[in-house]
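Dear colleague,

Please find below the structure that I am handing over to you, followed by a summary of what was found in it.

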Amino acid sequence: MGGLRNLSNGSFRKGSFLQVSTILMQTLQRPQWLLITQTLCSLLLIGLFYDAYDTIHTELPPHSILAWELFTIIWVFFSLISLGYALYCIRRREKLSLWYAMLLVVTQVLLLILLFVNYESLFPFTIPDWMIPDTMRLLGPTFLMPGIVHGMLILASRPSKKLFQETSFSYLVLAAVLPVLLYLGGMLFVMSDGQVEFLGIAAMLSFVVALTLLFSYAITRGLYLFAVKKAATLDQFSWITSLVLTLLLPLLGLLVNQLLYSRLGSTSGGIFGNFSHPATYVLTILNGLFLSLPTLRRPTLPFFLTRAALFSYSLYFLLVFLPFLPIAILAVLVLIGILMLAPIGVFVLHATRLTQDYTALRSRYPAGTLWLGGMAAFLLIPAAITGLFLIERHCFHEALDYVYTPDYHQSYQPDSRSVLHTLDYLKQHKNAVGFSTSTPYISIWYNRLVLGRQTLTDSRIQEMRAIFSATGDPENKPGFREDVAPPATAALKTVEAHSQYDETRRLWVSDLTLTLHNQQTSGSAEYTTDFELPAGGAISDYSLYINGRKEPGLLTEKKSALWVFNNIVNSSLDPGLLYYHSGNRMRLRVFPVAPAAERVTGLQLLHPEPVSFTIDGRTVQLGTPEASTSSPTIETPYFTRLSSAAVSRLPQRLRKPYFHFLIDAHEGNNTLFAAYDPAIRDLTMRFPDLAANAQLSLVSSVVQTRPYSASWATDPSSRPFSGGFFLQRALQQALVNSYEEGIDQYPVFIVCADSLNHAVLPDDFADLQFCVPEAPLFYHLLPSGRLVSHSLLKDSPKSVEAPRFPPQAMPVRVATNGGRNYYLPQTPAPAFILKKPLFKADSLQPNTETAALTLEALHRTALLKPEHTDAIWQNLVSASQKAHLLSPATAFIVVENEAQRQVLLKKQADMRSGKAALSAGEAEEDAERMNEVDDAERMSEPGTWIILGLLGIVLMLSRFRKKSSPYAA
């Protein structure tokens, strides 16, 4: 009773546990805390919800709009009341009253219940999941719980005239009984087998929340009374209790979190998040030690600043576990709940220690100095994390620049070890949803800071790993796939074409109407086809009929359109997509085509001359061949477009071929150089004309090119290389250099490798077709001397039949401009010459040939000068949209409603604010991952892992609500 007597007398020893606890509780009654725990959190919550509402509001039914309006009024009303009351108390220099603390708890709890019960009214089932952020369900508990905890702490530490009669034992017994009642109530709810009306679910939720609040109040009040009455004893042994609370329990919690998750078959992750990083354990130990050390008689400023720096760590885990407070209450039955509640106790004790240090130091330092120093220290850990992420960003972007936007004239020596570490970290954090393999909030910050709301597809991660590491999976060929085209189960039934010549623009305008048919009697089908765009042609429009209404396509950034299309397909809605797939090859996708039904889609094609157009095996004539409509030559400062007649008048020339050997020099493969050498020598002896000016490139993660020498295999400079076999870079670099040199020679590529299975090789090099006016082939030379032919323009990894080796040299047309020769194919078709690669397209006339040619010039510039890709890509997207013409950087997409359009525009804004090499996401992989999560949730049955059973309470509530909701599908 000594502590109570000291409290009643108002005299207690300076620095004692009782004094510090009293000061802390008095601090919590300051109105400034209300601005943080209620006003600020409410504003953040309203802002995040409004962002979601702005996306989906056009698709909300009337009852959902009404729910949003009511919630907005209620939230704003209570936020204004709290703000007004806080400002009133600050002005009057009054503390928060107990009555207001009770009102704060009640209102925040009611808001939380209303939010949970009416979640499906705010986000009805008609809205696809991909249009709603993954973390929406956690936002309510995350931002409403601080106010509830703040009010509960004020109430639990309230002074009372009957303080002497109250016993901590009675409160602790009540706290022990409440989880049992909660468990019994949950079992009754489960035994109802879901046959519960909506009102019953709301009542069950209210029961859970009420018991949770009572538990929180009882245990907090009981511990507070125990601390007050045993203050003298706690002062003697406080470091022991602190050690248990701040070190033992957190470490045990981290281990249990990780070990339980590993029982499910994963080696990296946790039930509540991935906290396996060694820094987490180091900070936990440091935090526990600095909070458990006996209080110094004269605390030093460094000691105070260290505790202030670690306070952000305690606050972080408080925010992580606050949303799971109801689960923690029930988990007390199996003792795991104590570990889940430990972050709250650590936070309170940490705040107590800081208050104690601050009070003791105020006699020696100005209050402003302590506040500024404390805030700077508090931000130290967040700043360190941000700094590390910025380093990751720098390393990551350097690797992206090297792989996807290189300067072919610059020598690179990337740090393969650093790049692989970045890829591992990226793989761990890229799919952050707040649980399991991600680190809550930190992973989200990582994604925003390093990726800029973009991502790197798994295929590109695999590709970069194959480039920088010699170990590859031959079953999974490295290479970039923007999308995976499913089988075209729907067929093209008819093609109708209508062409008209526009005298003003001197262009043919051809409208094509495609009727699609699904011959299956069950199951919707997707129609997918590739077709070649005629030389000089451009697509100016696309449309899809939805419910008998012709819907025009939106011209948007390509990766955003692919992401939205895949998500819509997963939702079984109506999208259509048209985009450049490779080179001059287009891809058209339409979904769904209902069983035994037809769908109609169409596109508009601009072309300067009459052409014969083929799509899906159907050929139609566009324009009248007899009409005299040959297009003139178009000359600009940046490019020239030669008409077919002008090309046919150009002189012809036969260029000389030369060998360009590409040697597989991936890490550890230099020992096989001796095996390639005889085959190469034999080839050079058989074809001495091709060997006269031969080139040789050693290809690993980097490419080293030099003139061929017979002693290449024993040359000291042919040292071991690091990384994989980056054959794509070697071929691209050689093609571009050959084009830019503009000489009367062309390379015949000979790839020397045991196999191409481990080579980083794309589907084709069709975009660089203008660099190979002669035979577009490369050859794979085996150590046995056998040559295998491969096409550069289609299915490059696969072998093709070649009539002879070396292929017969084909004459090419030669156009001279500015003292440089440009070599064009012999085919009498319009030809394009890029004279000035780097320029900016500002004003373009929509749907004109000059605009189409400008887009082609920008695209070729990006291919020839990839180091400028980011700026060119931005310009190309803008120019494409201004000209309303499809480009390799854009796509036409038809969406079903305004909500999908808003998502598309937001995703496009995110993409255009980042790097061109990054992606919008992998919708198909995301859907597969969500299915896996659903499977894990369905395992939440009695007898399954204990922790999953605890999480199952929330999941069951959500599931039964979905069954009983009148809006469920």
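Arg585 and Asp764 form a salt bridge, with their closest N and O atoms 3.0 Å apart; the term salt bridge stands for a side-chain nitrogen of Lys or Arg within 4 Å of a carboxyl oxygen of Asp or Glu. Because Arg585 belongs to strand β8 and Asp764 to the loop between β18 (745–752) and β19 (777–781), the pair ties together parts that are 179 residues apart in sequence. Helices (H or I, at least four residues) and strands (E, at least two) are DSSP runs, numbered from the N terminus.

This is a predicted model, in which local features need pLDDT of at least 70 and side-chain atom pairs count only at pLDDT 80 or more, while totals for chains, interfaces and linings use all residues. Residues are numbered from 1 along each chain as its sequence is written, and side-chain values use heavy atoms, with hydrogens and water left out.

Salt bridges

Arg585 also forms a salt bridge with Glu532, where the closest N and O atoms are 3.8 Å apart. Since Arg585 lies in strand β8 (residues 585–593) and Glu532 in strand β3, this pair ties together parts that are 53 residues apart in sequence.

As to burial, the terms are: buried, under 20% relative accessible area; exposed, over 50%; partly exposed, in between (1.4 Å probe, protein chains only). Arg585 is buried, with a relative accessible area of 14%, and Asp764 is buried at 13%. Glu532, at 45%, is partly exposed.

A further salt bridge joins Glu849 and Arg641, with the closest N and O atoms 2.3 Å apart. Glu849 lies in helix α25 (residues 849–864) and Arg641 in strand β13 (residues 639–642), so the pair ties together parts that are 208 residues apart in sequence. Glu849 is buried at 9% relative accessibility, and Arg641 is buried at 2%. A search of the whole structure finds 18 salt bridges.

The five-stranded sheet

Strands β3 and β8 also belong to an open sheet of 5 strands, in the order β3-β8-β7-β25-β6 and with antiparallel pairing. Its edge strands, each pairing on one side only, are β3 (525–532) and β6 (554–557). Neighbouring strands of this sheet are turned by 25° against each other on average, direction ignored. Two strands count as paired if DSSP finds at least two bridges between them. Strands of a sheet pair through backbone hydrogen bonds, either parallel or antiparallel.

β6 pairs with strand β25 (residues 890–894) in the antiparallel sense over 4 bridges, and Leu554 stands opposite Ile893 in β25. Two helices lie across β6 and β25: helix α26 (residues 869–883) runs at about 175° to β6, whereas helix α27 (residues 898–912) runs at about 30° to β6. Axes are lines fitted to C-alpha atoms, for helices over the stretch in contact (heavy atoms within 4.5 Å), and angles run from 0 to 180 degrees between N-to-C directions.

Strand β10 (residues 611–615) has a covered face made of Val611, Phe613 and Ile615, and an uncovered face with Ser612 and Thr614. β10 is joined by 5 bridges to strand β11 (residues 618–622), and the two run antiparallel. The bridge partner of Ser612 in β11 is Gln621. The hairpin has 2 residues between the strands, and Asp616 takes a positive phi near 50° there.

Surface and overall figures

Trp33, Ile36, Leu40 and Leu44 make a nonpolar surface patch of about 340 Å². Patches consist of residues with over 30% relative accessible area and no salt bridge, where like charges are joined within 9 Å and nonpolar side chains (Val, Leu, Ile, Met, Phe, Trp, Tyr) within 5 Å. Leu44 is placed in helix α3 (residues 32–56) and counts as partly exposed at 40% relative accessibility.

The protein chain has 29 helices and 25 strands. Of its 969 residues, 52% are buried. Among contacts with a separation of 6 or more, 77% are between residues 24 or more positions apart. The accessible surface of the chain comes to about 43,400 Å², and 60% of it belongs to carbon and sulfur atoms; accessible areas come from the Shrake-Rupley method with a 1.4 Å probe, and for residues only the protein chains shown count as cover.

Yours sincerely
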